[in-house]
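These are my notes from a first pass through the structure. I kept them in the order in which I looked things up.

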Amino acid sequence: MRKKDLFLARRLTGRYASLWVSVLAILLMLVTASILLLLIGKDPLAAFRSFLQGCGMIPKAKYGGGSGQLTDLMDFLNYLAPMILASLAFITAFRAGLFNIGISGQMLLAGFTATVIVGYNKALSAAVAKPLVLLIGLAVGGLTGVLIGFLKYRFNIHEVVSTIMLNYIISYLTGFLINSNYVDMMTRNSKVCTPEARLTLTNVMIGGLKCKIPLSLVLAILIALLVSFLFRKTVLGFEIKAVGMNRRCSEYTGIRVSRTILLSMGFSGAIAGLAGVAYYMGYTNSIIPKALPGMGYDSISVALLGSGAPIGSIFAAVIVSLFQQGANYMSSSIGVAKEIASLITGILLLFAACGNYMKYLAERRIQQAADTMQPSPAPGEQEDKEVKAL
Amino acid sequence: MNDCIVELRHITKRFPGIIANDDVSIGIRKGEVYALLGENGAGKSTLMSILFGIYEPDQGEILVDGKPVTFHSSTDAAACGIGMVHQHFKLVEPFTIAENIVLGVEPKEKKLGVLPWVNMQKANRQISELSRAYGLEVNPTDRIMDVPVSVRQRVEILKMLYRGAEIMIFDEPTAVLTPQEIDFLLQIIDNLRRDGKTIILITHKIAEIMRIADRCAILRQGRLIGVREVAGASAQELADLMVGRQVQFTQEKTPPQYREPVLEVQHLTVKNEHKYDVVRDVSFTIRGGEIFAIAGVSGNGQGEIADAVAGLVKAASGKVLLNGKDMTGSPVRERTLAGMSYIPEDRLATGTIPDMTLQDNLALREYFRPPFARKGILNQDAFRSYAEKLIGTYDIRCAQGPDTVIRSMSGGNQQKAIVGREIEEQTNLIIFVQPTRGLDIGAIENIHRQILQERERGAAILLISLELDEIMSLADTIGVLYRGEMLKIEAADRLSTQEVGRYMMGVKEA
């Protein structure tokens, strides 16, 4: 009886505590979302099924000509790639103790610059254009990040403030430039990029189905592995973590703190820049003027749900993307406004952010259980028993 | 035991893995100063947290005025007239002294019969009167963030008095004070006793107990070892009871054998962020094999000298030479590689990264070079074997070995880890700032022995301490700092404690 009771508490304090917190956050989110759907008179199971169907995870009842489950799955992956990159951007700064909420702005600026320079240049071949897009994304995002880091250490401007301000500047500046030079009169968006520059291959026929192939997904997984390697294996990663956890001790140790802040903010911005080109020159093929991508903010949920781990965030990105990308189909099939996807993401963020509180509750629960065990064994024996129970 | 105002009977409190209090029974008489003596982790603070309602005991009962009581929170305890001054003060920094004192029990009135309103003028007046009555002079309208630590402590005492506390618990009240401030506090405690208040003093400083306490309970590893009338006990007896073995108060020191000069500080001036000179034109030299101690009342520029030598703050003018090489403008890493170690004052804020593991913290001076890292890639095996070696050499107690998170370790073991990490570098210069602050006797003994060992090895040692006893027993040369100026530099055997004390107060010719 007691063992069963303590199952969750043991998991939440054990070695894989972070993983269990995420699992619990997802379960709690599902329960909360179900209650919400029941309240508006919809069947939660049907809703969750349609989210999965919209992402090509399970087959729909019927498909239009030339499309099928694989089409939906590839669309989903096309959305997933920039989402992974954006959350990796957040993590890289977060580990240095910096809260980069300007990922949206960095994505937009990088996407816009690459679109204008490469996307509209019809002379470039795919072999030149695609790498050039990535380079521009890296450089523009990276420089923006370095600027934020510079403002922080030189003028002591908090990165949250400077990134919010930069988000506005970037959003209106690019909006102004698009509306005055690059607007498509029909869609009111920016003109589309050339297929040579686009990071997603479109209209590829696989088994008679028209599919998109997101090349940026390979990039996203590669970057995740790189970031993971940076923090687990390298001197620089160690220094970034040290600065994030105790800046004063890092100075005392001899770490060049300002350089570390500049670098981690630069990395963060550079990865956000990649997310930007993967989003604007892959997932979409044009830019809506004066609109920041919501993905930049969703990436914070993803990073928290993945408990700041680069590989964990790939899985977290899958969860969040399922709702965001599946929302359209869900909306049309069961008639719930697609904004519910953002609501669900918000609920998920809330539960994921409660992770430490969950761990605390679990610790207290275990302690209470230990207290009530009478007569109490010596501390050493007690520990042995717990190990066996696990 | 009918004359007891507070009785704790058979109190047992367990935390995961340890028994903090094991069947402890004590009775405290009205109007006495009752000391709880014990090393760090002996269970003193836990026992008092139980009395103050912060923890509930697993077993046992609490009697106040002979009646059994159950405390679910500190509010319940306060209602029974129990107050506590915590080691870390609980004050709202931007609020005034008076606002902090009345917080939660504000003198409320109704303006025009309906509008609730706090009469701060009245509160200010009451607090002025209260502070004069007990000799705890404070200005009620000063903000907490503008007043020094000693005044903050007075505010905490006034907070208890304002709430009408009869039983006052002081948790290590002298840990943050200078010698003069300690004298003052002990005087206040004496006044409170004369006024009929009951005082419980948690401490591990035996000298204070001898001076002020009536009775003393000794705790060791959660158990009550004994209760002594202080008048009939000796300091040696109390120390032996506390530690559980014979304690040696003074260290054996060999005659000095000086070598080449290692650290030369020439006309050093350091400014703080307000462009004010906190260190003024200070010069001194430390030779190998010499312990140079800087004495002074807290906040006279000692910390800034250490930080300037270590490269954490910039020198406004003057020079710092290490092994004859000018290091004035060099970054920290260049200095440590040239042969400097530094044990800083604040273990958690500066000396360690508390949320990292012991293994990572022990490698903080080494992680960037072979065998810990090659071409920017870390070698975890080197981290682990180095940590295991240091844990053994310096007897660092840690629950999960190299993977223990520093924050979860006791203060004494955190300090062992820092001292071990720095000494292991075998540098020519070692800076110790307040190396024994907040440590128990066993740990202090241990660190003093290590300082002397390094001296014998031939290292130059800069020791900065607020404990005059520590300076007198270890130093070869003493420099006394007053308002950023070095008033006197003299061989330690040519200065008496009284003379050093006078220089510390700013008297130029003692």
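I began at D65(B), which lies in the loop between β4 (59-64) and β5 (67-69) of chain B. Helices here are DSSP runs of H or I with at least four residues, strands are runs of E with at least two, and both are numbered from the N terminus. Phi of D65(B) is near 55°, a positive value in a residue other than glycine. D65(B) is partly exposed, with 13 other C-beta atoms within 10 Å. For that label I count other C-beta atoms, placed from the backbone, within 10 Å of the residue's own: 20 or more is buried, 12 or fewer is exposed, and in between is partly exposed.

Before going on I noted the ground rules. This is a predicted model, in which local features need pLDDT of at least 70 and side-chain atom pairs count only at pLDDT 80 or more, while totals for chains, interfaces and linings use all residues. Residues are numbered from 1 along each chain as its sequence is written, and chains are lettered from A and ligands numbered from 1 in the order in which they are written.

**Other backbone entries**

I looked up R188(A) next and found a positive phi of about 65°, although R188(A) is not a glycine. R188(A) sits in the loop between α7 (159-182) and β1 (200-206) of chain A. R188(A) is exposed, with 12 other C-beta atoms within 10 Å.

P371(B) is in the loop between α12 (358-362) and β19 (373-374) of chain B.

**Chain B as a whole**

I then stepped back to chain B, which has 17 helices and 24 strands. Its radius of gyration is 25 Å, close to the 24 Å that the globule rule gives for 510 residues, so chain B is as compact as a globular protein of that length. The radius is taken over C-alpha atoms, and the rule is 2.2 Å times the number of residues to the power 0.38. The C-alpha atoms of chain B fill a box of roughly 75 × 50 × 50 Å along the principal axes. Of the 510 residues in chain B, 43% are buried.

**Strand β10 of chain B**

How many residues of β10 (198-203) of chain B are buried? I found 6 of its 6. On one side the buried residues are T198(B), I200(B) and I202(B), and on the other I199(B), L201(B) and T203(B), which leaves both faces covered.

I checked the partners of β10(B), where two strands pair if DSSP finds at least two bridges between them. Strand β3 (33-37) of chain B runs parallel to β10(B), joined by 5 bridges, and L36(B) has I202(B) as its bridge partner. Strand β9 (167-171) of chain B also pairs with β10(B) in the parallel sense over 5 bridges, with M168(B) opposite I199(B).

**An antiparallel sheet**

Elsewhere in my notes on chain B is an open sheet of 4 strands, in the order β14-β13-β16-β17, with antiparallel pairing. Its edge strands, each pairing on one side only, are β14 (277-287) and β17 (325-326) of chain B. I followed β13 (261-271) and β16 (317-322) of chain B, which share 5 bridges; V265(B) has V320(B) as its partner in β16(B).

**Chain A and its helix pair**

Chain A has 16 helices and 2 strands. Its radius of gyration is 23 Å, close to the 21 Å that the globule rule gives for 390 residues, so chain A is as compact as a globular protein of that length. The C-alpha trace spans about 80 × 60 × 35 Å along its principal axes, and 46% of the 390 residues are buried.

I picked out helices α3 (44-54) and α13 (310-334) of chain A, which pack at an angle of about 115° with their axes 7 Å apart. The axes are lines fitted to C-alpha atoms over the stretch in contact, and angles run from 0 to 180 degrees between N-to-C directions. Among the residues that meet are F51(A) and L52(A) in α3(A) and F323(A) and Y329(A) in α13(A); contact requires C-beta atoms, placed from the backbone, within 7 Å.

**Where the chains touch**

Last, I looked up the contact between the chains, which takes 26 residues from chain B and 20 residues from chain A. The elements of chain B giving two or more residues to it are α10 (332-337), α11 (347-351) and β20 (377-378).

Definitions and conventions. Contact = placed C-beta atoms within 7 Å.
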